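Here's a quick tour of one protein model, sorted by topic.

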Amino acid sequence: MSDRETRCNATGQFMDYGPLLTDLYQITMAYAYWKSGKTDDRSVFDLFFRSNPFHGEFTIFAGLAECLRFLESFHYSESDIKYLRGTLPEGTENEFFDYLGNLTAKDVTLYAIDEGTVAFPRVPIIKVKGPLIIAQLLETTLLTLVNYASLMATNAARYRMVAGKHVNLLEFGLRRAQGPDGGLSASRYSYIGGFDGTSNVLAGKLFNIPVKGTHAHAYITSFTGIEELKARFLKHKVTAGVTGDLLELAIKHRQNLAELLNVAMEESSEGELAAMVSYAIAFPDGFMALVDTYDVKSPAKSTNSNNNVTAKTVTKAITSKTNANSLSGRWSTDINETNLPITTTNSGAGGINMTNGWTIHTNGNINNINNAVSTTMENDINKNDQNINNNNNNNNKPNQSQLHASNKYKACTSRLLQRSLSNLCKRTEKSFRSGLLNFCAVALALNDLGYQAVGIRIDSGDLAYLSCLARETFERVAERFKVQWFNKLTIVASNDINEDTILSLNEQGHKIDCFGIGTHLVTCQRQPALGCVYKLVEINDQPRIKLSQDVEKVTMPGHKNAYRLYSSDGHALIDLLQKVSESPPEVGQKVLCRHPFQESKRAYVIPSHVEPLYKIYWQNGKIIDKESLPTLEQVREKVRTSLKTLRNDHKRTLNPTPYKVSVSDNLYNFIHDLWLQNAPIGELS
């Protein structure tokens, strides 16, 4: 058992990270510093990133609270020292281990911008000032606590912006996260970034985040018929002593609904109805059902009365296998659409695999499938026309039967295209409407007993189309049965959703109230790392600069302050870095702002508001004003208000306007003088 315990507190920290959560080279460097007599050297390190993630123009700073927690607990325990004695190279002096055993962060000062603030490249988000050895030992842990937290919060904020403020967002990513720690961090920082809840129960306990969830397809498929129901009766919510048979009520409503919704009773699953009745009895005030489990075949096409197939594993894709070169053969006779084969394919991980290399994802618009089928058929037609043209060029005139067959083929494929798309829509709709019919029946039965259902979840198919179909259905039921709350039923969509999916659904006019997002959110698939770095910029009051042929990797030396300058309309205009010895910019006074490395890029700015970005959060071995540290809710609100200070063109998804980061004229000259002093002079011969 470790001599440290995992624990949580009201501010949401859930672990005491010890100083061994680091790279080995930090400790070997510390030994080399110690051997060199540099224990009294004073240093300044900047923690910053070089570019914004996800091809955007902003980043949300997160992870500060955990960094402060780490400083509080920074101490090498007896077991840590014992481990290091056996790990470091033989010959490492014993006095060094004694030195490590007495190290704490009491002589460190940590400056940072507020957690939840919008940050930009090259502007340090944390500054560490203190003894060289201890400041060096903090590097890896601070980076790991800030990198993923800021990336995750930024990713979540982007989802919030594309979804809009009226749509709920739920984090469903624990099962796909990089381990339990990654799952907990994802829940915490997605909430900071603007998500409304999580499926992660432990995160709910540790961080006081709302926990949300429905049920899986497994619950529906665990029932095969209504005879399996062991509980059918439910007490009326309001009328004492009244108990109703929920199954009987649901069956009665289903008969009426089938006529209203034009769905044959035989096309709905009895097992699905039983599962929904069972779940509604368990959660009458929180009934939300997954409605896309079964693709129920009609009796005319079924050879098995219980022929229920999961909708996720059966998807129809219609394609022509016709060889254009065979026109003079089988196409010389009359053609009808039944000659063309229909290929059934496995949709795998949410996609329809079509012939000729097409893959269409089912979480997009039906038009995507439309275009793919159309393109496939048009390619066949074009090949056919090309063959006829080639024959013509070679003086091999096509005969009338070939031309007739070609025209007939074009007409046929056009009709087939329309029919195939119609069949695909109907097939998807039939699968969905079985669940929708059963849900509405159970929801009306609950209403008879004084309860209101919550809504449905859709986990596959054309989400825009199905959400509109569901909303239309709810409206028709509300009008027919005089239950107005049906109009407000929640529609939740999941199924491997990402930013582009939501943008596409927005364009299609979806009716989704809530998105459950997992893999793309918690793994940050579009960019798996933020790339924060930790660079020495000053030692013993002397500036240090790292040079590189890549200008992006040149550091800005010295201990600096940062200010955000605002325009008269209240939007952030530019960030300005200055030497700490310089006077802050003043409201209404002209300030020369320069690009750090491009001489010709400069501008005068007259700020209407000046915001100093740095505060001291850690000094003299303790957190400054610990009682006033922001809660998770306050950091979440900080993200919202900070994003409001950015212009929309900085926040937009496509081609955002770069936000300007500048240096004062004094700092610009200081950087370039130091650059020239440290850059080697070549020799030509």
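This is a predicted model: local features need pLDDT of at least 70, side-chain atom pairs count only at pLDDT 80 or more; totals for chains, interfaces and linings use all residues.

## A quick briefing

Thr-92 has a relative accessibility of 14%, so this residue counts as buried (buried is under 20% relative accessible area, exposed is over 50%, and partly exposed is in between, with a 1.4 Å probe and protein chains only). Residues are numbered from 1 along each chain as its sequence is written, and side-chain values use heavy atoms, with hydrogens and water left out.

**The whole chain**

- The protein chain has 19 helices and 29 strands; these are DSSP runs numbered from the N terminus, with helices being H or I of at least four residues and strands being E of at least two.
- Of its 685 residues, 54% count as buried.
- Among contacts with a separation of 6 or more, 74% come from residues 24 or more positions apart (contact means heavy atoms within 4.5 Å).

- Leaving out residues up to four places away in sequence, Thr-92 touches Tyr-31 and Phe-97.
- Thr-501 is in helix α15 (residues 499-507) and is buried, with a relative accessible area of 9%.

**Asp-107**

- You'll find Asp-107 in the loop between α4 (94-101) and β3 (109-112).
- Asp-107 counts as partly exposed, at 40% relative accessibility.
- Side chain to side chain, Asp-107 makes a polar contact with Lys-106 (3.2 Å).
- Apart from residues up to four places away in sequence, Asp-107 touches Arg-42, Lys-129, Gly-130 and Pro-131.
- Take Gly-130 from that list: 23 residues separate it from Asp-107 in sequence, but the two C-alpha atoms are 5.9 Å apart in space.

**β20 and its partners**

- Strand β20 (residues 533-539) is mostly covered, with five of its seven residues buried.
- Strand β1 (residues 42-48) pairs with β20 in the antiparallel sense over six bridges (two strands pair if DSSP finds at least two bridges between them).
- In that pairing, Phe-48 has Val-533 of β20 as its bridge partner.
- β20 also runs antiparallel to strand β21 (residues 542-543), joined by two bridges, and Glu-538 stands opposite Pro-543 in β21.
- Two residues lie between the strands of the β20 and β21 hairpin, where Asn-540 takes a positive phi near 50°.
- Asp-541, in the loop between β20 and β21, has a positive phi of about 65° although it is not a glycine.
- At 65% relative accessibility, Asp-541 counts as exposed.
- Elsewhere, Asp-625 isn't a glycine either, yet has a positive phi of about 55°; this residue is in the loop between β28 (622-623) and α17 (632-644).

**The six-stranded sheet**

- Six strands form an open sheet with parallel pairing, in the order β7-β6-β19-β18-β17-β10.
- The edges are β7 (197-198) and β10 (288-290), each with a single partner strand, so one side of each has no neighbour in the sheet.
- Inside that order, strand β17 (residues 455-458) pairs with strand β18 (residues 490-493) in the parallel sense over four bridges, and Gly-455 stands opposite Thr-490 in β18.

**The second largest pocket**

- The second largest pocket holds about 750 Å³ of space.
- Its lining counts 29 residues, and the closest to the centre are His-595, Pro-658, Tyr-659, Lys-660 and Val-661.
- β23 (572-579), β24 (591-594), β25 (602-605) and β29 (660-664) each supply at least two lining residues.
- On the definition: on a 1 Å grid over the protein atoms alone, a pocket is an open set of points where a 1.4 Å probe fits, with protein on both sides within 12 Å along at least five of seven lines, and lining residues have an atom within 4 Å of a point.
- Volume is the space filled by probe spheres set on the points, which are joined across faces, edges and corners.

Notes. A polar contact is a pair of N or O atoms within 3.5 Å; within protein, one must be able to donate a hydrogen and the other to accept it, and residues adjacent in sequence count only if both atoms are side-chain atoms.
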